Amino acid sequence: MSKTEVESPSKSRLSFKTVQNFQRALLLAPGVILYGIFNFFPLMGLFYISMVDWPGIGEKKFVGFDNFRKVLGEEYYRDQLFNALGQNVIFFIVIIGSFLVIGTGLAMLLSFKTWGRKTYQIIYFLPYPMAGAAVAYLLDLFVHPRGLLNAALVQSGLTDVAIPFLGSEDTALVTLALFYSWHRMGFAIMLILSGVLAVRTDLLEASMLDGANRFQSIKNVVFPVLGPAFILITVITMVDVFNNADYTLLIMGPEAGPFYSTDIMGTFLFRSAFGASVAASDANFGMAAAIGLVTALMILPAALFLALRNLRNK
């Protein structure tokens, strides 16, 4: 047997890296297929709907890019768009600030070996699986002028009269953002806690031996590891709050009162699709689709930037 005949079988074998890439492709294939069926193809359909004038029932009237022209050019739609966008940014800042500050603090406390730690984790995560309608109803009762929060404030002497948390233009949007934060806080805590627990104990011990106190160890050893978790929470929250408006719709209605002070992109889109009331005659699914695409294009650069930065950090 010649030397060439002996070596030929080994040459035909696939390299470890090739096999690894093939396995990754197989594992990703089901997710990619499902994403294409339930996300990509509907997105293409959304682009078609954005080019028609259609109340949802009846004949579709093709109008081209007229819906986009109205949203960005006509004062009536443009003012609503920029008002909703600006308030959505404030809404997002309050929520992500709560997640990164309060969520990180609670995750740090839960990372210590304290008695009942598993019980506390369950308690903090408990609101997350609850339906948004249930959370909205409970929190609406909590901040009602005759609710528990105002009763406690009046009894403690912090205020003489009940505060209309959802009835004032100054407090309604922030109150709704805090509703969202409380509901989804468990998700943020779990992600941050998983990052904290992934920190190597030998690195913490080394920092302690070098004379660092607990705060310095957390700042210089733990926080750098939490970067990917922070970015993931930011991307997921951004996509969610710019596309959904369940709390506002359930509590404040499509007109996002008082005086559109809680209007965000989700309520603006809903109002364009179905009208502000049952008797509304300005319902237009094409306009709503155009608003949805404009919203996606607005948040896409930030989401891509954060996602790519997360990949580079890995």
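**View 1. Helices α4 and α8 cross in a right-handed sense.** The term right-handed applies when the near helix is turned clockwise from the far one by less than a right angle. In this predicted model, local features need pLDDT of at least 70 and side-chain atom pairs count only at pLDDT 80 or more, while totals for chains, interfaces and linings use all residues. Residues are numbered from 1 along each chain as its sequence is written, and side-chain values use heavy atoms, without hydrogens and water. The axes of α4 (residues 75–111) and α8 (residues 172–197) come within 6 Å and cross at roughly 40°. The contact of α4 with α8 comprises 22 nonpolar residues, six polar and one charged.

**View 2. Helix α5 meets helix α8.** The axis of α5 (residues 117–125) comes within 8 Å of that of α8, at a crossing angle of roughly 140°. Helix α5 is therefore oblique to α8. Gln121, Tyr124 and Phe125 of α5 are in contact with Gly186, Phe187, Ile189, Met190 and Leu193 of α8 (heavy atoms within 4.5 Å). By class, six of these residues are nonpolar, two are polar and none is charged (nonpolar: Ala, Val, Leu, Ile, Met, Phe, Trp, Tyr, Cys and Pro; charged: Asp, Glu, Lys and Arg; polar: the others, Gly among them).

View 3. In α3 (residues 66–73), the buried residues are Asn67, Phe68 and Val71 (under 20% relative accessible area with a 1.4 Å probe, protein chains only).

Technical notes:
Buried means under 20% relative accessible area, exposed over 50%, partly exposed in between (1.4 Å probe, protein chains only). Helices (H or I, at least four residues) and strands (E, at least two) are DSSP runs, numbered from the N terminus. Axes are lines fitted to C-alpha atoms, for helices over the stretch in contact, and angles run from 0 to 180 degrees between N-to-C directions. Angles under 35 degrees count as roughly parallel, over 145 as roughly antiparallel, 65 to 115 as roughly perpendicular and the rest as oblique.
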